[in-house]
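Please consult the sequence and the model together while reading.

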Amino acid sequence: MAQYALVLLVALSLNFAIPRLAPGTPIDYLVPSEQVATITPEQRERVLAQFGLEKPLLEQYWLYLAGIVQGDLGYSTQQGRPVVDMLLERLPWTLVLVGGAIALSLVIGAGAGFLSAARRGGQTEVGGLVFFMFLDSMPPFWIGMLLLVLFSGYLQILPVFGALPLTGAGGGFGLTFEVAQRLLLPLLTLTLVRAGWLFLVARSSLAGELSEDYIVMAEAKGLSRRRVVGHGVRNALLPLVTAVAVEAGTVVGGATVVETVFSYPGLGRLIYESVLSRDYPVLQGAFLLLAVGVIAANLLADLLYPVIDPRVRAEGAR
Amino acid sequence: MSGTLLGRIGAATLILFVVAAVFAPVLAPYDPTLRTAQPFAAPSFAHLLGANDVGQDILSELIFASRLSLTVGIVTACLATVLGATVGVVSGYLRGPVDGVLMRGVDVILSLPFLPLMIVLAAFLGQNTTNLILVIGLLIWARPARLIRSQVLSVRESGHVQAARAMGATHGYVMIRHILPRITPLVAAQFVRTANVSIMLEASLAFLGLSDPFQKSWGAILFYANARSAFLADAWLWWVLPPGLCIAAVVVSFAFLGYALEERVDSRLRSILPASEPQKDNEAPTPVGGGTLR
């Protein structure tokens, strides 16, 4: 637990420190980018006072932390809206995309990885390994662009843009269908990207388990190959839980570029938009929210672990 | 197909790309910064891969971009490997409170979402290649550090290290003369993997428009292609496909090379170490080649 509190504090402190350590003054990052050059000294003073930037650093830090506790992440320099509102608008889209991709890639990647390890050394094994290594080596945004070319350009069966239809499709089933249609390609892209990685983890995890003594024992008992492998799979699943949690940050990174390609209105696309418009408060807010999400995923895995693995429970009790 | 063969394929491909990068001015038919064709020109004999939105020859762009992509990958990997190896060796050899503090730091870095953090850093620090290398390098050394540390933990217990310490060798001497040579294969494998990760991260950051606007990498070419919606016209074939193929080819070559190296490290360590520590169940195994967008 202390570990996660520490990570959270580091993320918060980084967010506080970056604008103050970056070239220029913090003010450069708090006014709309096109006004930075023309701002007058009096206006400068006003901005300083408004954001409490003339106070001692420690007090600024304290005010910053207090603000975050109250859900105050500042205002967008481009839209003038509270950053929190903008983030909360985008969050559900990213949650659906990331959650869906994790679940799907787990089924596909881990399934194929276990199969590959179970029949290690065969032709399919090497073929699978090379295939998934290739899949893991392709830039996610590039896979997304190619899928767009195929499905929206040539086949013209899926929309190119966004997550909601531009013209109101009414509510209910029609809207659900429209949204699902637009979710499909980003979801497929992110799933493909993650499946490659999970294949490799699942494969090496099961391969490791299959060389253990209890597998020899199971074989000696005369169990069928299927049941022997089943023994291994149960244990090989455990490191996968950790892998998914540890890699939550990576999925979020992948989502950032994939959302950008598909103009999907999640947090990743928001990051891209604020990079282009130099909207620093939004950029920082988005990073903070993603960091909190990743920390929460890790914490969740830690809490789940004793539930799945009795051995961890036993260790904790001792 | 063995790991060695994969390793050879990887090495050969990489050498090809390095040659292309070194001899870019000779190989490229045009200066990629000049307007030499009609904007959005389709491929022709004069311009094999057509031209981009401002009329620059895409083939020449690709060849010159290999310089930036490879340089960022290799320089970043050097930085991250040196950092990771130093922290790993010191931490694993000294153990105790130093180890505790360093590994806590490693855990913290590993728990942050890398790409969003890099985006924030790159956006604030300004877009140039040096910043890009620093931003990537200073975040990705943590994983190699942890792997190297766990190896050092077992190497430090082996006979010759104990003997050297019994004879009064200083910590620094033991670490450099006795520990480092033994973990070199692992460090090499980590270098390859780090290069792999950095090339992918550079491509992602460049794709998001965070690279030096005056130096194009493969990711930056794709940024412009995406911004101009090249994938909706036939242009995807010569504007979107080739840069992505280059990235994938280099990254998979590094992955193949890393796979071959790790296979050798494995067998070598098995033969020299009495009994390596069994892997803890609650630690995720590190798969070969994987995990590029970290």
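A salt bridge is a side-chain nitrogen of Lys or Arg within 4 Å of a carboxyl oxygen of Asp or Glu. By this rule, the side chains of R146(B) and D107(B) meet in a salt bridge, at 2.2 Å from N to O.

The model is predicted, and local features need pLDDT of at least 70, side-chain atom pairs count only at pLDDT 80 or more, and totals for chains, interfaces and linings use all residues. Residues are numbered from 1 along each chain as its sequence is written, chains are lettered from A and ligands numbered from 1 in the order in which they are written, and side-chain values use heavy atoms, with hydrogens and water left out.

**Chain A and its domains**

Chain A contains 13 helices and zero strands; here helices (H or I, at least four residues) and strands (E, at least two) are DSSP runs, numbered from the N terminus. Of its 318 residues, 47% count as buried, where buried means under 20% relative accessible area, exposed over 50% and partly exposed in between (1.4 Å probe, protein chains only). Contact means heavy atoms within 4.5 Å. Among contacts in chain A between residues at least 6 apart in sequence, 69% join residues at least 24 apart.

Chain A is divided into domain 1 (2-69) and domain 2 (91-312), with bounds that come from an automatic or database domain assignment. Eleven residues from domain 1 of chain A and 13 residues from domain 2 of chain A take part in the contact. Buried area is the accessible area (1.4 Å probe) that two parts lose on being put together, summed over both. For domain 1 of chain A and domain 2 of chain A, this area is about 1100 Å², 71% of it on carbon and sulfur atoms. On the side of domain 1 of chain A, Y4(A), N15(A) and Y29(A) lose the most area to domain 2 of chain A, together 55% of what that side buries.

Which helix gives the most to the side of domain 1 of chain A that touches domain 2 of chain A? Helix α1 (residues 2-21) of chain A does, with seven residues. By class, that side of domain 1 of chain A has nine nonpolar, two polar and no charged residues. In this scheme, Ala, Val, Leu, Ile, Met, Phe, Trp, Tyr, Cys and Pro count as nonpolar, Asp, Glu, Lys and Arg as charged, and the others, Gly among them, as polar.

Zero salt bridges are counted between domain 1 of chain A and domain 2 of chain A. The rule does find three residue pairs in polar contact across this interface (both at pLDDT 80 or more). A polar contact is a pair of N or O atoms within 3.5 Å; within protein, one must be able to donate a hydrogen and the other to accept it, and residues adjacent in sequence count only if both atoms are side-chain atoms.

**The interface of chain B and chain A**

The contact of the two chains takes 57 residues from chain B and 65 residues from chain A. Between them, about 5400 Å² is buried, of which carbon and sulfur atoms give 77%. Among the elements that give two or more residues to the side of chain B that touches chain A are α4 (96-110) and α9 (171-207) of chain B. α11(B) gives the most to that side, with twelve residues. The side of chain B that touches chain A has 40 nonpolar, ten polar and seven charged residues.

**Salt bridges**

Over all chains, the structure holds nine salt bridges. Three of them are listed here.

| Salt bridge | N to O distance |
|---|---|
| E219(A) and R225(A) | 3.3 Å |
| E157(B) and R95(B) | 3.7 Å |
| R146(B) and D107(B) | 2.2 Å |

E157(B) lies in the loop between α7 (142-155) and α8 (159-166) of chain B, and R95(B) in the loop between α3 (58-94) and α4 of chain B, 62 residues apart. E157(B) is partly exposed at 40% relative accessible area, and R95(B) is partly exposed at 39%.

R146(B) lies in helix α7 of chain B and D107(B) in helix α4 of chain B, so the pair ties together parts that are 39 residues apart in sequence. R146(B) is partly exposed, with a relative accessible area of 35%; D107(B) is partly exposed, with 22%. Elsewhere, salt bridges that share partners join R90(A), R269(A) and E273(A) into one network.
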